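Keep the structure open as you read.

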Amino acid sequence: MKISYTLNGQKVTDEVNPAQPLTEYLRSRGCYSVKRGCETANCGLCTVLVDGRPVLSCSTLTARIDGKVVETMEGLQSEAAEIGTYLADEGAEQCGFCSPGLIMNIIGMTRELKNPTEDDIRNYLAGNLCRCTGYVSQLRAIRKYLTEKEEA
């Protein structure tokens, strides 16, 4: 199947297997920030933005991105680095394996929600699993990032 879409700002036309999970397809295109975790849509590691909204790429078929805009961390490096700095400064980045999916969800959240409450943040990021941090430092980093972004 032939699809056309935009990946990280670049127009792409490609022949794809329509049944291939988006995770596999994006990794084949060099987007290694898109991680394989549970492959059952439960951990958030594979999160990408499709038309600006977070999508679990392990449960999305490649055919579904036809005509869409897809963003991975490779295309959002400056935003990702800024958020990553807040995570690291607050001790929320221990092994770092969950960070790409978490950061993509934070970017999606900041685009979608204005002035999110603590409950909004918790609900928005509920699908991101982390085995290291216990989430307290992640929430502290996110609140600090949002507060300083709002003040700027």
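The lining of the largest pocket divides by class into four nonpolar, three polar and four charged residues. Here Ala, Val, Leu, Ile, Met, Phe, Trp, Tyr, Cys and Pro count as nonpolar, Asp, Glu, Lys and Arg as charged, and the others, Gly among them, as polar. The model is predicted: local features need pLDDT of at least 70, side-chain atom pairs count only at pLDDT 80 or more, and totals for chains, interfaces and linings use all residues. Residues are numbered from 1 along each chain as its sequence is written, and side-chain values use heavy atoms, with hydrogens and water left out.

A few terms come next. On a 1 Å grid over the protein atoms alone, a cavity is a set of points where a 1.4 Å probe fits but cannot get out. A pocket is an open set with protein on both sides within 12 Å along at least five of seven lines. Lining residues have an atom within 4 Å of a point. Grid points are joined across faces, edges and corners, and a volume is the space filled by probe spheres set on the points.

**Pockets and cavities**

Which residues line the largest pocket? They are Thr110, Leu113, Lys114, Asn115, Pro116, Ile121, Arg143, Leu146, Thr147, Lys149 and Glu150. Helix α5 (residues 136-151) gives the most to this lining, with five residues. Helices (H or I, at least four residues) and strands (E, at least two) are DSSP runs, numbered from the N terminus.

The second largest pocket has a lining of nine nonpolar, one polar and one charged residues. Among them are Cys38, Cys43, Phe97, Leu129 and Arg131.

A search of the whole structure finds two cavities of 30 Å³ or more. The largest cavity has 13 lining residues, and Gly37, Cys38, Glu39, Cys46 and Cys58 lie nearest its centre. The second largest cavity is lined by Ala92, Gln94, Cys95, Gly96, Cys98, Cys130, Cys132 and Thr133. That lining has five nonpolar, three polar and no charged residues.

| Space | Volume |
|---|---|
| Largest pocket | About 260 Å³ |
| Second largest pocket | About 150 Å³ |
| Largest cavity | About 40 Å³ |
| Second largest cavity | About 30 Å³ |

**A pair of helices**

Two packed helices are described by the angle between their axes and the distance between the axes. The axes of α3 (residues 99-112) and α5 come within 12 Å and cross at roughly 40°. Axes are lines fitted to C-alpha atoms, for helices over the stretch in contact, and angles run from 0 to 180 degrees between N-to-C directions.

Which residues meet? From α3 come Leu102, Ile106, Met109 and Thr110; from α5 come Gln138, Ile142, Tyr145, Leu146 and Lys149. This contact (heavy atoms within 4.5 Å) has six nonpolar, two polar and one charged residues.

**Two residues**

Met104 is found in helix α3. Is Met104 buried or exposed? Met104 counts as buried because its relative accessibility is 1%; buried means under 20% relative accessible area, exposed over 50%, partly exposed in between (1.4 Å probe, protein chains only). Beyond its neighbours within four places in sequence, Met104 is in contact with residues including Thr47, Leu49, Met73 and Leu76. The C-alpha atoms of Met104 and Leu125 are separated by 10 Å, and these residues are 21 residues apart along the chain.

Thr62 lies in the loop between β4 (53-56) and β5 (69-71). Thr62 is buried, with a relative accessible area of 0%. Not counting residues up to four places away in sequence, Thr62 touches several residues, among them Ile3, Val16, Pro18, Leu22 and Tyr25.
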